[in-house]
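User: I would like to learn how to read the sheet in a protein model, step by step. Could you give me the general idea each time, and then the case at hand?

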Amino acid sequence: MDQAERLRNIIKRQDFKADHERVAKVITVTSGKGGVGKTSLSVNLAIQLGRLGKRVVVFDADFGLANIEIMLGIRPKYNLADLMYRGKSIEDIITYGPENVGFISGGSGINELANLTRDQVFSMIHRLGDLDRIADVIIVDTGAGISDTVLEFVAASEEVLLVATPEPTSITDAYALLKTLNKKASYRPEKTVVKMVANQVRGEKEAADLFEKLGVVVGKFLDIEVEFLGSVPYNKNMQHAVMRQAPVSISDPESDSARAVRDIAGCLEDVMTEKTEKGGIVKLFSSVIRMRFMK
């Protein structure tokens, strides 16, 4: 029996659930391509939600790059692999950045899941459950593009923010991501809410046009409903903020961009009291494991 088959058998026999009533709200931020400001939105959204009194942890699920580390100017001592293999707790692998926003580096953890023993699977899921007690909101920042890992996290999430810009390739790639997701056997459109954020737009009309372009083709060809969450205006200072490793919500808090993200955070807060159906971070990771190893 190979490693993947062994792990499939473990997952088939176990329905992982949080061992406590309270679970964090999990929001997955994704995009069809890089360069659209996905990670910047994740970080600024975390800051703005923190200002609304939420305890926020950002999980960096882009296992090839360390964009959040670069953006925040912090280097975590531990990552997910340390929780999986080296006995570290959730508290150990959380690094706190500006305004007490927590950050977890995925490192190479997800790619090493096939090497876990039965006890390591149970231990990892149990320890991840502690994150539901620590955080009110967990923002999962996926990699850009349409990799298996991105699709697994999106399909397993209860709420997805799809970031797109007016650039034609961004719209095309956003549609391609949704089209590929729609074909995924594990994806259940009734269980996942997809909300689009129009980023780097020059006015409300451009944001509305962007949403309409995507919405028309999605509505015509896919079994997915996309809602419009909001827009973030183009601001050259956003790029400067990234270069200075100071998120615009901190470096220029009264800018149009920062206020726009604050409005989006307010919209998300309005639905925070809704009961989650996916069981927080424990359910998210157990679903990802199933998708990866029960093919």
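Analyst: Let us begin with terms: helices (H or I, at least four residues) and strands (E, at least two) are DSSP runs, numbered from the N terminus, and two strands pair if DSSP finds at least two bridges between them. This is a predicted model, in which local features need pLDDT of at least 70 and side-chain atom pairs count only at pLDDT 80 or more, while totals for chains, interfaces and linings use all residues. Residues are numbered from 1 along each chain as its sequence is written, and side-chain values use heavy atoms, with hydrogens and water left out.

User: In what order do the 8 strands of the open sheet lie?

Analyst: The order is 3-4-2-5-1-6-7-8, and the pairing in this open sheet is mixed. Strand 3 (95–96) and strand 8 (226–233) are the edge strands, each pairing on one side only. The protein chain has 13 helices besides its 8 strands.

User: How many bridges join strand 3 to strand 4, and which way do these strands run?

Analyst: Strand 3 and strand 4 (residues 102–105) run antiparallel and are joined by 2 bridges; Thr95, for instance, has Phe103 in strand 4 as its bridge partner.

User: Which strands does helix 8 touch where it packs on the sheet?

Analyst: Contact means heavy atoms within 4.5 Å, and axes are lines fitted to C-alpha atoms, for helices over the stretch in contact, with angles running from 0 to 180 degrees between N-to-C directions. Helix 8 (residues 168–183) touches strand 1 (25–31), strand 6 (159–164), strand 7 (193–201) and strand 8, and its direction makes about 155 degrees with that of strand 6. Helix 9 (residues 204–221) also packs on the sheet, touching strand 6, strand 7 and strand 8, and its direction makes about 140 degrees with that of strand 7.

User: Which strands pair with strand 5 in the parallel sense?

Analyst: Strand 1 pairs with strand 5 in this sense over 5 bridges, and Ile27 has Ile139 as its bridge partner there. Strand 2 (residues 56–61) also runs parallel to strand 5, joined by 6 bridges, with Val57 standing opposite Ile138.

User: How many residues of strand 5 are buried?

Analyst: Buried means under 20% relative accessible area, with exposed over 50% and partly exposed in between (1.4 Å probe, protein chains only). In strand 5 (residues 137–142), 6 of its 6 residues are buried: Val137, Ile139 and Asp141 lie on one side, and Ile138, Val140 and Thr142 on the other, so that both faces are covered. Of the 295 residues of the protein chain, 53% count as buried.
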